[in-house]
Amino acid sequence: MSTIPFAAALIAGGRSRRMGCDKARLPVGDGVELWRRQLSVLRELGAEELLISCRPDQLHFAEEPGVRLVFDEWPDAGPLGGIVPCLESVSADRLMVLGVDMPLMTAEVLRHLLSQSGPGRGAVFRNGRFFEPLAALYLKSMAADGQDRLRTGNLSLQPWLREGVDCGILGTVDLPKALTVHFQNLNSPQDL
């Protein structure tokens, strides 16, 4: 486990249009709603602060003790619109982000990512030539550039992460083929 302080955020504010219902509320495994399962994974990491990035109409998250809600300020801006406000609101230098729609993610995989980071340096898994942005450790210092990207409509996370890697604030961890199953997303009913 990392001894360097970090915060953690569950990114759960998507509209789930392809799924046809709020993905966060889908029951998984033993019937636990997906958002509760993912929050449990983040709690295992021992973060100093725990956030849920969501829409103001997702009031069911407010019942969860020990969690602060951060409302998406940029509707329909995708994950960037949820990650940036979380970066701006945490006191820790690093923020572990987990997408709500990755039901096979484990704390062990995220701990491995934490172990590959350090003071003033985040980390992201690389899967071939692409990064895995919804199970990544971002730096608070990335918030200003993220705001600029939101203002200009440059919403893709891949170039943002590439820039972080190129300037040395994000380290990369090559994703072993055996771990790719943990990164599967639930996007449509066919994925269930």
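## The buried side of helix H3

Helix H3 covers residues 107-115. Its buried residues are Ala-107, Val-109, Leu-110, Leu-113 and Leu-114. Buried means under 20% relative accessible area (1.4 Å probe, protein chains only). These residues span an arc of only 160° around the axis, so they sit on the same side of H3. The arc is taken from the directions between the helix axis and the C-beta atoms.

The buried residues of H3 pack against H1, strand S6 (94-99), strand S7 (122-127), strand S9 (135-139) and strand S10 (170-174). Contact means heavy atoms within 4.5 Å. Helices (H or I, at least four residues) and strands (E, at least two) are DSSP runs, numbered from the N terminus.

## About the model

This is a predicted model: local features need pLDDT of at least 70, side-chain atom pairs need 80 or more, and totals for chains, interfaces and linings use all residues. Residues are numbered from 1 along each chain as its sequence is written, and side-chain values use heavy atoms, without hydrogens or water.

## Helices H4 and H5

H4 (residues 143-152) and H5 (residues 157-166) have axes that come within 11 Å and cross at roughly 150°. The axes are lines fitted to C-alpha atoms over the stretch in contact, with angles from 0 to 180 degrees between N-to-C directions. The two helices are therefore roughly antiparallel (angles over 145 degrees). Asp-145, Gly-146 and Arg-149 in H4 meet Pro-159, Trp-160 and Glu-163 in H5.

Trp-35 has 0% relative accessibility and counts as buried. Phe-61, at 1%, is also buried.

Methods
Buried means under 20% relative accessible area, exposed over 50%, partly exposed in between (1.4 Å probe, protein chains only). Angles under 35 degrees count as roughly parallel, over 145 as roughly antiparallel, 65 to 115 as roughly perpendicular and the rest as oblique.
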